[in-house]
Amino acid sequence: MNILKEVSLKAYNTFGVDVYAEQFVHIEQEKDLIQLYEGGWLDRDKRLFLGGGSNMLFVRNYDGLIVHMAIKGITHRILEESIEVKAAGGEVWHDLVCYCVERGFGGIENLSLIPGTVGAAPVQNIGAYGVELQDFFLSCRAFELTTGTFKVFYKEDCQFGYRDSIFKGAQKGKYIITEVNLLLPKKSILNTTYGAINEELNNRGLTHPTIKDVSEVVSSIRQGKLPDPGTIGNAGSFFKNPVVSEDTFRTLVSDFVDIVYYPFGPNQYKLAAGWLIEQCGWKGKTVGNVGTWKNQALVLVNHGKATGLEIYEFSEAIIDSVKKRFGVCLEREVNVIDL
Ligand code: EPU
């Protein structure tokens, strides 16, 4: 394990923002974490754990230690009625999806092509097309930064919610996830209820789709709608879909009849942030080096040379206009480092 100095983070954040880290270390095995702990590196006030950097916006150089989680490995074991899949935190999430799809293990195919690493997936309970990680999550192994020991969190310990978990809440910043265990049913049921999936399956004449078909369809929907971070810097949805109360919702629907929403738990509604942003005239709009994506206003893109601060200021302007027009406060899904 080598502590590097003055490392560019351009390749380590999907926005492609060119900032530097004062110190940088790759973690390739669990014992590297113990070594960091024993060396006193984790006592530093400024340290940040990074997976795929797909949910991070760096607004300035990082004057601390970046710990890049790069532990690899995927295995599985077949149980009586299910399959347990164990993946190391540094694996690319989509590689885990492919591992399962190739072997005919169903469950997470709707989560195809979500950027980021396996270790980051439980933190915000990644979700797409009617499926969330929590639906197939068994447990994860996490390193406790204050004690230098490992702990197992089962699903019920994780307090999963919409883009939320205990790792963003009560235990924020206290653990780093090194391994995720999924429990997939041997007889999985495809989830094609999300409109766009059904439509695309029909277009392809797939009346009896396989797990692989669903994965391919989800991948193609995402590719059509979302920019590829390899080509154009972005971090997926920049904001969360806001959740509002029944009262707020009723007022909004009477003022804006076309508003896009989904019922969300008792007396709550989730609004499509992309719609709110589009209505404020931001869809496909570019200011300097930053813009929203032409096919999905919820995604902010770096047209080449944007600084993190520029992207941040652009997001502030969006928040302001949505607030003025709809009275709704958008929250960022992306983590801003370090305001
Ligand atoms: N819409 C607009 N204009 C836009 C974008 C969306 O009017 O520019 C409206 C449309 O009516 C559309 C609806 O919003 O039908 C929903 O859009 P979409 O299906 O793209 O889903 P989303 O709610 O905007 C969420 C996740 C995505 C995930 C998709 C599909 C959040 C914050 N985002 O987006 O996740 O891929 O659903 O399940 O929940 C991510 O987290 O990075 C991400 C891409």
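Reply: Helices (H or I, at least four residues) and strands (E, at least two) are DSSP runs numbered from the N terminus. The model is predicted, so to speak of local features requires pLDDT of at least 70 and side-chain atom pairs count only at pLDDT 80 or more, while totals for chains, interfaces and linings use all residues. Residues are numbered from 1 along each chain as its sequence is written, and side-chain values use heavy atoms, without hydrogens and water.

The second largest pocket has a volume of about 360 Å³. Its lining is made up of 18 residues, and those closest to the centre are Leu 113, Pro 115, Pro 227, Asp 228 and Pro 229. (A pocket is an open set of points on a 1 Å grid over the protein atoms alone where a 1.4 Å probe fits, with protein on both sides within 12 Å along at least five of seven lines; lining residues have an atom within 4 Å of a point. Points are joined across faces, edges and corners, and the volume is the space filled by probe spheres set on them.)

By type, the lining holds seven nonpolar residues, nine polar and two charged. (Ala, Val, Leu, Ile, Met, Phe, Trp, Tyr, Cys and Pro count as nonpolar, Asp, Glu, Lys and Arg as charged, and the others, Gly among them, as polar.) Helix H4 (211–225) and strand S13 (233–237) each supply at least two residues of this lining.

The chain is assigned domain 1 (4–69), domain 2 (74–185) and domain 3 (233–337), with bounds from an automatic or database domain assignment. The second largest pocket lies between domain 1 and domain 2, because both give residues to its lining. The centres of domain 2 and domain 3, taken over C-alpha atoms, are 27 Å apart. Four residues of domain 2 and five of domain 3 form their contact (heavy atoms within 4.5 Å).

S17 is joined to strand S18 (residues 290–293) by two bridges, and the two run antiparallel. Within S18, Val 290 is the bridge partner of Val 287.

One of the pairs joins Arg 47 to Leu 65 in S5.

Two backbone details remain. Tyr 129, a residue other than glycine, has a positive phi near 50° and sits in the loop between strand S8 (127–128) and strand S9 (131–132). Ile 337 and Asp 338 are joined by a cis peptide bond with omega about 0°; Asp 338 is in the segment after strand S20 (335–337).

Technical notes. Two strands pair if DSSP finds at least two bridges between them.
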